[in-house]
Amino acid sequence: MVPVRLTGPRLAVREYHHTEEEVDALHALFGDPEVTRHLPFGPSGREECADQIELYLEEAMAEERDTYRLAVTRLADAEEPRDATPIGQAALTLDGHRTADLGCVLARGSWGRGYAGETVGLLCDFAFGALGLHRLTARTAAANPAAGRVLTRLGFRPERRPRSAGSGGGVRSDAYVYALLAEEWPGPAARVEGG
């Protein structure tokens, strides 16, 4: 495995560690009903989050990696990003045709600070740079217009609105799908490192 570490002005995006602290951080994120309200699953228990981190590490070890579920940390929280407690999760799921689905979830205390835009920008740099992808898509709940604004500011364009396509907290809802092509991305906003 070549660990992923993306560094922006205020944030770092890195591999998870299977520690009690990281399980607690993921549980603080995915155990919060307000955070999961627009996600396709409801709040998760702590054991479920421990199992998820184990899965993320297995995915990272795959010979041909197609899934990146990464911890989002604040640079100000520790001297080294590997030591900082995650405040969110960033994800890329490749489909084998130089395209990927992108996602970002942040803890409630991190909302409204521009962290989502910085995180998505780091993922775009990584996807179009190091991974050589051609197209990224992102799905948002129609009831979450803030997510759509973040994507639009970064150059994503709305493509379609699947009706009753998502389920947050057991309630079916409409969604929006946004897309961004490599040639539409203005360029690197991050330093990408292995290690």
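## A guided tour, stop by stop

Welcome: 13 salt bridges are counted in this structure, a salt bridge being a side-chain nitrogen of Lys or Arg within 4 Å of a carboxyl oxygen of Asp or Glu. The model is predicted, with local features needing pLDDT of at least 70 and side-chain atom pairs counting only at pLDDT 80 or more, while totals for chains, interfaces and linings use all residues. Residues are numbered from 1 along each chain as its sequence is written, and side-chain values use heavy atoms, leaving out hydrogens and water.

**Stop 1: Glu59 and Arg69**

Select Glu59 and Arg69, which form a salt bridge with their closest N and O atoms 2.4 Å apart. Because Glu59 sits in helix H3 and Arg69 in strand S3, this pair ties together parts that are ten residues apart in sequence. Helices (H or I, at least four residues) and strands (E, at least two) are DSSP runs, numbered from the N terminus. Is Glu59 buried or exposed? Its relative accessibility is 15%, so Glu59 counts as buried, whereas Arg69, at 24%, counts as partly exposed. Here buried means under 20% relative accessible area, exposed over 50%, and partly exposed in between (1.4 Å probe, protein chains only).

**Stop 2: Glu184 and Arg157**

Next, pick Glu184 and Arg157, whose side chains meet in a salt bridge at 3.5 Å, N to O. Glu184 belongs to the loop between strand S10 (175–181) and strand S11 (191–194), and Arg157 to strand S7 (residues 157–160), so the pair ties together parts 27 residues apart in sequence. Glu184 counts as partly exposed at 27% relative accessibility, while Arg157 counts as exposed at 52%.

**Stop 3: the aromatic pairs**

How many aromatic pairs does a search of the whole structure find? There are four. Rings of Phe, Tyr and Trp (its six-membered ring) pair if their centres lie within 6.5 Å; planes under 30 degrees apart count as stacked, over 60 as edge-to-face and the rest as tilted.

One of the pairs is Tyr16 with Tyr56, a tilted pair with 5.2 Å centre to centre and 40° between the planes. The two residues are 40 apart and link distant parts of the chain: Tyr16 is in the loop between strand S2 (11–14) and helix H1 (20–30), and Tyr56 is in helix H3. Tyr16 is buried at 3% relative accessibility, and Tyr56 is buried at 4%.

Then select Tyr68 and Phe126, an edge-to-face pair with 5.3 Å centre to centre and 80° between the planes. Tyr68 lies in strand S3 (residues 67–74) and Phe126 in helix H4 (residues 115–128), so the pair ties together parts 58 residues apart in sequence. Tyr68 is buried with a relative accessible area of 8%, and Phe126 is buried with 5%.

**Stop 4: His134 and Ala182**

Find His134 in the loop between H4 and strand S6 (135–141). His134 is partly exposed, with a relative accessible area of 31%. Turn to Ala182, 48 residues away along the chain: the C-alpha atoms of His134 and Ala182 are separated by 5.0 Å.
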